[in-house]
Amino acid sequence: MKLGILSRAPRAYSTQRLRTAALDRGHEVRVLNTLRFAIDLSGPDPDLQFRGRPISDYDAVLPRIGNSITYFGTAVVRQFEQMDVYTPNTANGIANSRDKLRATQILSRHNIGMPATTFVRNRADVRPAIQRVGGAPVVIKLLEGTQGIGVILAPEVNVAEAIIETLHSTKQNVLIQSFVKESKGRDIRALVVGDRVVAAMRRVANGDEFRSNVHRGGTVEPVSLPAEYEQAAVRSAQIMGLRVAGVDMLEGIEGPLVMEVNSSPGLEGIETATKLDVAGAIIDYIANQVAFPEIDVRQRLTVSTGYGVAELVVHGGADLVGKTIAESGLDDRDITVLTLHRGAAVIPNPRRRTELQAEDRLLCFGKLEEMRSMIPERRRRRHKVRRLPKEPLVDDRE
């Protein structure tokens with residue numbers, strides 16, 4: 001295959017390892033500076049130029065998009081997607097993982113275990129927010145921080161309030177997160193490729209430092225993950241739309257707590273710790289997937305007038321409970337069930353004999369009007385429009 005590695009750091013360890021692994025396997029590979037692309041929308045088909053010339057055909061690209069160029073970098077990846085070039089990490093997946101708040105919102109929707117987290121902006125809401133996550137000490141995180149930068153441990157409520165007020169005054173957005181005491185100074189990095197964890201390591205902070213990032217002097221050791229940790233890592237990466245990701249987890253009393261999903265994980269630390277060819281595993285996965293480029297399903301399926309994608313929930317008292325998909329009547333209404341979500345389980349392309357249960361969520365494609373008719377209508381009170389009062393404005397100049 002012909003592979004392009006999108007990277008502004010051609011001499012970085014991770015870039016060099018990926019390039020070497022691809023060459024060792026007989027692939028044609030080129031490192032492409034992400035900022036030298038120009039998105040060409042002037043012709044009949046989506047296209048890209050690189051260094052002022054039309055780009056040649058590529059079978060796949062592997063994005064290594066730096067945090068500082070996320071917007072432009074994801075635009076380039078998205079253009080490759082429109083050109084049907086395979087990428088293991090979608091533009092949406094990269095953008096979602098870069099925004100800590102957005103990533104937390106998405107993962108919480110799918111019952112992924114995470115440290116208790118809140119997000120507030122008003123000064124009066126800070127103290128109640130701290131109490132909601134269990135009180136001090138709390139961890140304060142900048143939304144745009146990387147490699148442990150912008151992560152602060154506040155031992156007391158007053159200190160936390162002062163730090164957050166200072167950060168807000170400089171137009172910074174922060175998350176307030178519970179401090180998981182039992183994992184102080186330790187976390188796990190799982191390297192997910194496709195539907196499995198290919199390598200994992202435990203990072204241990206140096207001395208009194210509570211951040212375990214290698215960039216902050218932390219040490220690493222290989223670790224064999226229990227099944228629940230591997231499952232949490234794989235599900236988190238897939239939910240974010242990433243097929244190559246580094247998933248950081250804390251070891252909580254009740255199991256794994258996902259902290260972050262990294263779309264451009266560094267390879268030096270985990271290859272050094274585990275002695276495993278992680279770069280090779282990534283290249284092998286991409287080579288097996290080049291015939292199946294990632295596509296925006298909603299974008300492709302909604303081009304037919306009157307058809308679209310929607311999620312239908314099987315409520316407890318619904319007639320569908322206890323019926324199979326074949327008996328549900330969905331086929332007669334021109335509705336196809338693409339995926340069935342049941343609790344934490346996901347059943348792709350469910351069989352027609354699958355029996356529906358209360359609270360199942362069905363991702364469907366079909367006629368929008370038919371699907372809309374199956375959603376119970378919310379009762380709305382129609383308020384009368386009153387006459388404007390004689391004195392519509394309050395004079396508060398005194």
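Reader: Among contacts in the protein chain between residues at least 6 apart in sequence, what percentage join residues at least 24 apart?

Author: A contact means heavy atoms within 4.5 Å. In this chain, 67% of the contacts between residues at least 6 apart in sequence join residues at least 24 apart. Please keep in mind that this is a predicted model, where local features need pLDDT of at least 70 and side-chain atom pairs count only at pLDDT 80 or more, while totals for chains, interfaces and linings use all residues. Residues are numbered from 1 along each chain as its sequence is written, and side-chain values use heavy atoms, with hydrogens and water left out.

Reader: How many helices and strands does the protein chain have, and what percentage of its residues is buried?

Author: Helices (H or I, at least four residues) and strands (E, at least two) are DSSP runs, numbered from the N terminus. The protein chain has eleven helices and 19 strands. Buried means under 20% relative accessible area, exposed over 50%, and partly exposed in between, with a 1.4 Å probe and protein chains only. Of the 398 residues in the protein chain, 45% are buried.

Reader: How do I read two packed helices, and at what angle do α2 and α3 pack?

Author: Two packed helices are described by the angle between their axes and the distance between the axes. Axes are lines fitted to C-alpha atoms, for helices over the stretch in contact, and angles run from 0 to 180 degrees between N-to-C directions. Here α2 (residues 70–82) and α3 (residues 91–98) pack at about 160°, and their axes are 8 Å apart. Angles under 35 degrees count as roughly parallel, over 145 as roughly antiparallel, 65 to 115 as roughly perpendicular and the rest as oblique. The two helices α2 and α3 are therefore roughly antiparallel to each other.

Reader: Which residues of α2 and α3 meet?

Author: From α2 come Thr70, Thr74, Val77, Arg78 and Glu81, and they meet Ala91, Asn92, Ile94, Ala95 and Arg98 of α3. By class, this contact has four nonpolar, three polar and three charged residues. Ala, Val, Leu, Ile, Met, Phe, Trp, Tyr, Cys and Pro count as nonpolar, Asp, Glu, Lys and Arg as charged, and the others, Gly among them, as polar.

Reader: What lies in the loop between α2 and α3?

Author: Threonine 90 is in that loop. At 13% relative accessibility, threonine 90 counts as buried. The side chain of threonine 90 reaches the backbone oxygen of glycine 241 at 3.3 Å. A polar contact is a pair of N or O atoms within 3.5 Å; within protein, one must be able to donate a hydrogen and the other to accept it, and residues adjacent in sequence count only if both atoms are side-chain atoms.

Reader: In helix α7, is serine 236 buried or exposed?

Author: Serine 236 lies in α7 (residues 227–239) and counts as buried because its relative accessibility is 0%. A polar atom of the serine 236 side chain lies 2.7 Å from the backbone oxygen of alanine 232. Leaving out residues up to four places away in sequence, serine 236 touches Leu107, Ile112, Val247, Val258 and Val261.

Glutamine 238 and aspartate 195 are 43 residues apart in sequence and 8.0 Å apart in space, C-alpha to C-alpha.

Reader: Now the sheets: in what order do the five strands of the open sheet stand?

Author: Two strands pair if DSSP finds at least two bridges between them. The five strands run in the order β13-β12-β11-β14-β15, with antiparallel pairing. At the edges, β13 (219–222) and β15 (255–262) each pair on one side only. Inside this sheet, β11 (residues 186–193) and β14 (residues 244–252) pair over six bridges, and leucine 191 has glycine 246 in β14 as its bridge partner. Helix α9 (residues 278–289) lies across β11, β12 (196–204) and β14, at about 35° to β11.

Reader: And how do the three strands of the other open sheet, β2-β1-β6, pair?

Author: Their pairing is parallel. Strands β2 (28–32) and β6 (60–63) are at the edges with a single partner strand each, so one side of each is left without a neighbour in the sheet. The twist averages 20° from one strand to the next. Strand β1 (residues 2–6) pairs with β6 over four bridges, and leucine 6 stands opposite proline 63 in β6.
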